[in-house]
Amino acid sequence: MSAAKPRIAAPNASLAGHLLDQYAGRIARARRPYIIGVSGLQGSGKSTLAREMKAQAEARGWPTEVLSLDDFYYSRGDREQMAQEIHPLLRTRGVPGTHEIELLLTVLAALPQASERLPVAWPRFDKGRDTRTPPSRWPRVVRPPRLVIVEGWALGLRPQSQAALEAPVNRLEREEDPDGDWRHWVNKQLRGYQPLWRKFDALIVLQAPNWDVVRRWRGETEQELLARHAPLAMEAPAMERFLQHFERLSRHALATLPALADSCVEYDDDRHMTALTHS
């Protein structure tokens, strides 16, 4: 691994430029859209970084599209059906099994042939309404991109072992999934995400220090939403329960994703970048 000096105070613009420099040769040589996954837990800044990378890539003359895993959540109605047929905890979006992965794979397969005659569109998810926006508001692409950035939480994550699933990790699992049916189902669904991970030409991981810091980052975001009176913004008890849906796989991601990354960006408690390594 090659490592940059610690305590790098680079803003997103510098980080985006460095990452594009790292992959520029491969992007230039690719005969199809080069696909980069940007993986980070809640509050890590993956969406902001992806937008900055797109802006800089297009300034370099590389048509670029950003796809967010969040936009491929199943609708609220679909998840309600899953909650009734599989497990009540599936009402809450976020865990593997609540995304329409086949649709995302279809979009990635279609982008190289995008044209006026064969436009490619994909969903936008309205988190305030907890469902997809009308198709008339979906992004629509009519030319093949040179670069595609897919951003989302826990991209690249592999399933846990069966033994790791046995003991609950928090109150939600102890009280609302005592038999482990939900977490075993979610882990099984994660296997279906592996074909998507294999589409990535490179995986960038934004590494938080630990789970407690991730909780704090997400809580700060929610406080900002509450201050703006945003729809569905959560008070502290609701936020704590919400985060417990993600704790198991977030801890698994923190422990395992850096070793799977092509580039790993490490942050301290205050989101200052402390290290950048490339495999």
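This is a predicted model: local features need pLDDT of at least 70, side-chain atom pairs count only at pLDDT 80 or more; totals for chains, interfaces and linings use all residues.
Helices here are DSSP runs of H or I, at least four residues long, numbered from the N terminus.

**Stop 1: Thr98**

Select Thr98, in the loop that links α3 (76–85) to α4. Is Thr98 buried or exposed? Its relative accessibility is 0%, so Thr98 counts as buried. Now show the side chain: it reaches the backbone nitrogen of Gly94, at 3.0 Å. Next, bring up the neighbours. Setting aside residues up to four places away in sequence, Thr98 touches Phe72, Tyr73, Tyr74, Arg79, Leu90, Thr92, Arg93 and Tyr193.

**Stop 2: Leu105**

Move on into helix α4, residues 101–110, and pick Leu105. The cut-off for buried is under 20% relative accessible area, and Leu105, at 14%, therefore counts as buried. Which residues does Leu105 contact once neighbours within four places in sequence are left aside? They are Pro195, Leu196 and Lys199. For a distance check, draw a line from the C-alpha of Leu105 to that of Leu257: 152 residues separate the two in sequence, and the gap in space is 21 Å.

**Stop 3**

Then zoom in on Met53. Apart from neighbours within four places in sequence, Met53 is in contact with Ala16, Leu19, Leu20, Ile36, Val38, Ile149 and Ile204.

**Stop 4: Lys46**

Finish with Lys46, in helix α2 (residues 46–59). Buried or exposed, this lysine? Lys46 counts as buried, because its relative accessibility is 12%. And where does its side chain go? The side chain of Lys46 reaches the backbone oxygen of Gly40, at 3.2 Å.

Gly40 also turns up in the contact list: beyond residues up to four places away in sequence, Lys46 touches Val38, Gly40, Leu41, Glu151, Gly152, Trp153 and Leu206. Val38 is worth a click here, as it is a contact of Met53 too.

Conventions
Residues are numbered from 1 along each chain as its sequence is written. Side-chain values use heavy atoms; hydrogens and water are left out. Helices (H or I, at least four residues) and strands (E, at least two) are DSSP runs, numbered from the N terminus. Buried means under 20% relative accessible area, exposed over 50%, partly exposed in between (1.4 Å probe, protein chains only). Contact means heavy atoms within 4.5 Å. A polar contact is a pair of N or O atoms within 3.5 Å; within protein, one must be able to donate a hydrogen and the other to accept it, and residues adjacent in sequence count only if both atoms are side-chain atoms.
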